[in-house]
Amino acid sequence: MASRPDPRRGRWLLAAWVTAAFALSALRDTRLLLLALLLLALLFRRGLWRNLWRTLRAVLPVTAGLSLASLAFLRLTGGEWPPLGPYAALALRTGAIGLLTCSVLDRVDLLRALAPYPAATRLLVVTLAQIHALRLLATDSRDGLRSRLPRRPGALDVVRNAGGITATLFALSARNARDIGEAMRSRGF
Amino acid sequence: MHVPDGFISPWLSLPAYAVAAPLWALAARRHFGRASAESLPVVGSLTALAFVIQTIMIPVPGGTSTHLVGVLLLALLYHPLVAFLCESLVLLVQALFFGAGGVTVLAINALAMGLLGPLAGWLAWRLVRRLSERAALFLAGWVSMQVATLAVAGALGLQHRLDPDYFPMPLAVTLTGMLVPSLTVAGVVEGLYTVFALTLVRKAGFRGVEA
């Protein structure tokens with residue numbers, strides 16, 4: 001059985017992650033950013049390819065799309081291609097912070113790391129449990145809509161259905177909040 | 001619509017935290033400052049609700065899709081500060097568990113999508129609701145989307161203005177890239193959704209939990 005991450009180490013990692021993310025977000029030198037990426041790859045070798053893939057999927061579409069649009073706009077309005085350095089730095093910066101985030105969160109058990117802060121832990125547990133419960137309902141409703149219609153649901157069908165399911169989601173979330181509150185009170189919180 | 005990590009420098013992201021922090025404290029104290037057994041379940045449930053609404057994808061012409069924001073409903077049913085606090089928690093959960101948005105830009109995203117957008121929608125609804133409730137709800141949804149989009153594009157434009165070498169995309173590009181889909185598709189979808197959802201929520205006799 002794999003050993004569970006040490007909660008104190010988890011807290012240190014989280015603090016280091018936030019500090020490093022802000023520090024990386026201040027960098028704009030391409031060489032420094034490349035060095036930072038290399039260091040991150042060396043530091044977080046376990047699961048590197050998976051985390052690189054997750055990072056690419058998370059940051060590439062927005063960064064590449066906006067960069068291409070901006071390059072085309074500046075070429076059309078200015079008559080020449082703008083320098084590519086800032087675009088490369090932007091891509092490296094978003095990539096480095098993304099890789100750092102994926103790698104750190106892969107190594108931290110958030111609930112155990114937050115154990116010394118009971119209110120934060122309870123809030124996280126309640127929120128995640130509620131997300132799970134409400135998501136099941138939303139997914140069931142979406143599948144129900146698909147099965148009822150002989151064609152693929154259009155935008156208006158989905159918006160109408162979302163309006164309907166929202167009323168149920170509100171009712172369920174209110175009932176769950178009351179139940180959890182009563183359960184907490186009965187346990188002396 | 002999120003600003004991702006790396007697009008905004010600490011010269012902007014840290015002041016945004018300085019603006020957001022007292023508002024988070026005010027929202028928490030004013031709306032959830034009771035015993036934890038009463039406040040935590042309500043915050044958690046409303047946050048989860050906002051999170052799940054944002055996962056509902058709406059197919060739009062052209063084969064792509066947009067997602068609902070939905071946090072305006074919390075502003076209309078509770079208060080804009082409740083919407084701000086819950087949307088901030090949604091963004092935190094997204095950053096911690098799903099790699100969306102990010103921790104350095106959390107305050108900027110929260111101020112734009114959680115406060116300015118819903119606040120503008122709430123104000124529009126209060127102004128127009130005497131004329132027609134449905135029109136007011138549609139307008140609230142549409143306005144909320146446009147203001148949130150403008151705020152995000154404005155933050156990116158300000159970053160470009162402060163340091164074009166850091167963020168090389170001019171305001172014209174970010175504004176066009178974000179505002180065109182928002183004005184034509186996402187805003188209309190959000191407006192329609194707000195009308196359908198709030199009408200049904202009220203028809204179902206939802207009284208909510210005290211927040």
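Helices and strands are here runs assigned by DSSP, at least four residues long for a helix and at least two for a strand, and they are numbered from the N terminus. The model is a predicted one, and on that basis chain B has seven helices and two strands. From the N terminus on, the elements of chain B come in the order α-α-β-β-α-α-α-α-α. The radius of gyration of chain B is 17 Å, close to the 17 Å that the globule rule gives for 211 residues, so chain B is as compact as a globular protein of that length.

Chain A, by comparison, holds seven helices and zero strands, and its pattern along the sequence reads α-α-α-α-α-α-α. The radius of gyration of chain A is 23 Å, whereas a compact globule of 189 residues would have one near 16 Å. Of the 189 residues of chain A, 31% count as buried, while in chain B buried residues make up 58% of the 211 residues.

In chain B, the axes of helix 6 (residues 133-162) and helix 7 (residues 171-203) come within 7 Å and cross at roughly 155°. Angles over 145 degrees count as roughly antiparallel, and helix 6 of chain B and helix 7 of chain B are therefore roughly antiparallel to each other. Helix 6 of chain B passes helix 7 of chain B in a right-handed crossing, and the residues of this contact divide into 20 nonpolar, eleven polar and two charged.

In chain A, helix 6 (residues 118-148) and helix 7 (residues 155-186) pack at an angle of about 150°, with their axes 10 Å apart, and these two helices of chain A are therefore roughly antiparallel to each other. Helix 6 of chain A passes helix 7 of chain A in a right-handed crossing. Among the residues that meet there are Val126(A), Leu134(A) and Leu145(A) from helix 6 of chain A, and Asp157(A), Leu169(A) and Ile180(A) from helix 7 of chain A. By class, this contact in chain A has ten nonpolar, six polar and one charged residues.

Within chain B, Ser88(B) lies in helix 4 and, with 23 C-beta neighbours inside 10 Å, counts as buried. Leaving aside residues up to four places away in sequence, Ser88(B) touches Trp24(B), Ala110(B) and Gly114(B). The C-alpha atoms of Ser88(B) and Ala20(B) are separated by 9.6 Å, although these residues are 68 residues apart along the chain.

Finally, the two chains meet where 57 residues of chain B are in contact with 59 residues of chain A. The elements of chain B that give two or more residues to this side are helix 1 (10-32), helix 2 (36-54), strand 1 (57-59), helix 4 (80-98) and helix 7. Helix 2 of chain B gives the most, with 16 residues. By class, the side of chain B that touches chain A has 40 nonpolar, 14 polar and three charged residues.

How values were computed
Residues numbered from 1 in each chain as written. Chains lettered and ligands numbered in written order. Predicted model: local features only at pLDDT ≥ 70, side-chain atom pairs only at ≥ 80, totals over all residues. Axes fitted to C-alpha atoms, helices over the stretch in contact; angles between N-to-C directions. Parallel < 35°, antiparallel > 145°, perpendicular 65-115°, else oblique. Left-handed = near helix turned anticlockwise from the far one by under 90°. Nonpolar A, V, L, I, M, F, W, Y, C, P; charged D, E, K, R; others polar. Contact = placed C-beta atoms within 7 Å. Rg over C-alpha atoms; globule rule 2.2 N^0.38 Å. Buried ≥ 20, exposed ≤ 12 C-beta atoms within 10 Å, placed from the backbone.
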